[in-house]
Amino acid sequence: MGKIKKIGVLTSGGDAPGMNAAIRAVVRAAIYNGCEAYGIFYGYEGLIEGNMKKMESHDVSNIIQRGGTILKTARSREFKTVEGRAKAYEQIKKVGLDGLVVIGGDGTFSGARALCQEHDLHVVGIPGTIDNDLYGTDYTIGYDTAVNTVVEAVDKIRDTASAHNRLFFIEVMGRDAGFIALRSAVATGAEAVLVPEIRTDVNDLDKYLEHDYKPHKSSGIVIVAEGDKSGGAYTIAEQISQRHPEYDVRVTVLGHIQRGGSPSAFDRVMASTLGVAAVDALLDDQTSIMVGLMNKDIVHVPFNKAIKNSKQLNHNLVGLTDILSI
Ligand code: ATP
């Protein structure tokens, strides 16, 4: 205890609503514990360039409710090299940072792990990505808000689908994971959901449309995860249109609205909790770990584990859409 005196914080990779709440929590928890806090701009790119500033409590006022990240984010190719990380460490030494909090996804944690393997620095990660695809935490910051954004949009599409008797294929984000798709499908009462974790067979969807959909329903919603192996909403919609010219098929790709907006209460509380937990972990001499939430408890997960393992979909939810879409 007492070793850490200057804590830097950065956001990296894709932005996610709630990152600002996490920045606020890190800065204020650092100051509360008698440390200095530094905001690093543009992720690892900014770290290499020494683009950072000392943050006071008022610098993070009025941001808890804002989407995006006041520290900006970036992807840095240079940081993936030993030389790039050595440059970053030079800047860290220049300012005298002894602790670093990185907010991002598994790429961000891979970079952080390499940095603390190569240099004398304590680094703690906070899971911040709308995709929720990080092992070792039930939720990541931004996921809940993104799901709520999808639900709001799909509810609106449902109104028009129903008015015109249309079958909509709605593509949602999530990269290689189906968490956003699955949760929003259950929440919107979607007729079907296609996720990368479960092999999509167009024949299965066809069977469902033939036996359950056609006799009972006049309109419907199929949620398609962007990483689904079917090739995305346009591809699957085209296949179904060819088989069923009688359906009035439409496609909506929700896109970047899923990344923006004011964070949900859930994301704000989680970001605040994990921000404070990250500073506590640094003060407790921990390093190369992610702080996460499992069954509502704060957990410390080694970067090695968080990066290597893949998180499973909630299988209780997988079965629900089948049961509830008859
Ligand atoms: P998201 O899930 O939102 O995309 P992410 O943190 O996974 O977030 P990435 O773009 O994969 O986003 O990673 C962010 C940054 O982390 C990269 O731009 C790069 O600078 C650094 N990084 C990623 N992978 C590595 C690696 N293997 N070694 C060193 N640095 C890495």
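Start by colouring the two domains: the assignment gives domain 1 as 6–142 + 263–308 and domain 2 as 143–259. These bounds come from an automatic or database domain assignment. The model is predicted: local features need pLDDT of at least 70, side-chain atom pairs count only at pLDDT 80 or more, and totals for chains, interfaces and linings use all residues. Residues are numbered from 1 along each chain as its sequence is written, and side-chain values use heavy atoms, with hydrogens and water left out.

**Both domains**

Now select the boundary. Here 17 residues of domain 1 are in contact with 14 residues of domain 2. Contact means heavy atoms within 4.5 Å.

**The whole chain**

Zoom out and switch to cartoon. Helices (H or I, at least four residues) and strands (E, at least two) are DSSP runs, numbered from the N terminus. Along the principal axes, the C-alpha atoms fill a box of roughly 70 × 35 × 35 Å. Colour by burial next. Buried residues make up 54% of the 326 residues. Buried means under 20% relative accessible area, exposed over 50%, and partly exposed in between (1.4 Å probe, protein chains only).

**Helix α6**

Select residues 179–188, helix α6. This helix is mostly covered, with seven of its ten residues buried. Show side chains for F179, I180, A181, L182, S184, A185 and T188, the buried ones. What do the buried residues of α6 pack against? Select α5 (143–164), β6 (166–172), β7, β8 (220–225) and α11 (315–324) to see their partners. Then step just past the end of α6 to G189, where phi is positive, at about 65°.

**V195**

Move on to V195. Where does V195 lie? Look in the loop between β7 (192–194) and α7 (202–216). Is V195 buried or exposed? At 4% relative accessibility, V195 counts as buried. Draw a C-alpha to C-alpha line from V195 to F179: the two are 16 residues apart in sequence and 8.2 Å apart in space. Finish with the surroundings of V195. Leaving aside neighbours within four places in sequence, select G178, A181, L182, T200, A225, D228 and L313, which are in contact with V195. Two of these, A181 and L182, are among the buried residues of α6 that you have already displayed.
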